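Hi,

Here is the structure I promised to pass on.

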Amino acid sequence: MRDLAPDFPITEEVNYLNTASIGLVPLPVKEYYLEFESRLAGGGTLTLDEETEDLVYESLRGAASRLLGCSPDSVAVFNSVSEALNAVAWGLGVEEGRLVSTALEFPSVTYPLLRMAEVRRGVEAHLVQPEGWRLPTESILQAINEDTKAVFITHVENLTGQLNDLKAITRRAHRVGAKVVVDGVQATGCIPVDVGELGVDAYVSGSYKYLCGPFGAAFAYLSPRLLEELEPLYVGWRTSENMWGLEPTHIQYPGNASRFEYSTSAYGVKLALAKSIEYLLELGVGRIHRHTQGLVRALEEELQSLGGLEQVTPPSRGSIYSFQPKALSPSELAKALKALNRPVELSLRRGLVRLSPHIYNTEEDVAQAAQAVGRLLP
Ligand SMILES: Cc1ncc(COP(=O)(O)O)c(C=O)c1O
């Protein structure tokens, strides 16, 4: 990985190991974004004419399709991962049967299912229980029965970094006619993703983690088969084949996934996310994967050799390394790491210390963090 420090100036001062929470935006993307917002605020339609506004989501659809290995027609633009997951969950129109997820997921993955089970009598939200911090693929497969209508799961678990076996889950789900909806926000940008090869029905991701974009943009791959069945939950003036026709008496739905887009939004963020995806594609996601996997492996080796902590992250993982110190509270450890001369920026999640490197991290970062942990552990 070439030296990216000039694009991420804060890394000179801070050992930033917190991409699973918020990723850093590369300087060229940040400048482009601020410039766009400034021109729009000062120029209104002089900056954003009707034709430009019509096509404003196209660049993100294009970039996301290259990232996921699908057609731009299969990509819909949203404002957040939670919004996209809700659009898919409610759009499936499930009135009865089982919806499967796990008790380790980020709440935005399970809440739409819990909510659906609250308001639709025939719907059961079944959450697979982990064994400790692990989710055995076998437990997930066993939960998918003949009653199952959909499985909602993350590609990479946000707490532990576990990489789920989406192919096996999809094979089982499709055998019983269930859909597979994936939250890939902890995977895209640091793991190569080919949605066709995975075979999933929907794959959602968002801007502000490993895709290095600002807050307020997300997208969903919707397979051609799913697109035929999925009902748009919200509609608005952009839900139209000809949006500037502004025809209020009937809806002329677009033939592609853009029928799930319905309004204006923070356009600058969508354009900026397209730019940051291009930035990552230029570096090469395969290359980023090797780099980040190397950093996680180095974290594992150096921290394991210290003793005094319990590793939670399994061997098959994304760019996340989580652990629990044995004889020190996680919050004390985190506080001390953040108080160093070159602070280590990290997250505490449900009693876990979570480190999550990305393109701007180096082996020196890993060594510094591990040495500091070593000095602090009793
Ligand atoms: C797995 C996962 N999904 C969704 C989100 C939240 O996404 P958003 O804020 O775009 O709704 C997070 C944030 O940490 C996450 O880890």
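Let's start with a pair in the sheet: tyrosine 321 stands opposite leucine 355 in β13. Before going on, please note that this is a predicted model, where local features need pLDDT of at least 70, side-chain atom pairs count only at pLDDT 80 or more, and totals for chains, interfaces and linings use all residues. Residues are numbered from 1 along each chain as its sequence is written.

Strands β10 (residues 321-325) and β13 (residues 352-355) run antiparallel and are joined by three bridges. Strands here are DSSP E runs of at least two residues, helices are H or I runs of at least four, and both are numbered from the N terminus. Two strands pair if DSSP finds at least two bridges between them.

Helix α12 (residues 330-338) packs on the sheet and touches β10, β12 and β13, its direction making about 35 degrees with that of β13. Touching means C-beta atoms, placed from the backbone, within 7 Å. Angles run from 0 to 180 degrees between N-to-C directions, with axes as lines fitted to C-alpha atoms, for helices over the stretch in contact. Helix α11 (residues 285-304) lies across β9, β10 and β13, at about 15 degrees to β10.

The whole open sheet has four strands, in the order β9-β10-β13-β12, with antiparallel pairing. At its edges are β9 (309-311) and β12 (347-349), each pairing on one side only.

Elsewhere, leucine 135 sits in the loop between β4 (122-128) and α6 (137-143). Leucine 135 counts as buried because 24 other C-beta atoms lie within 10 Å; the cut-off is 20 or more, with C-beta atoms placed from the backbone.

Cheers

Methods. Buried ≥ 20, exposed ≤ 12 C-beta atoms within 10 Å, placed from the backbone. Contact = placed C-beta atoms within 7 Å.
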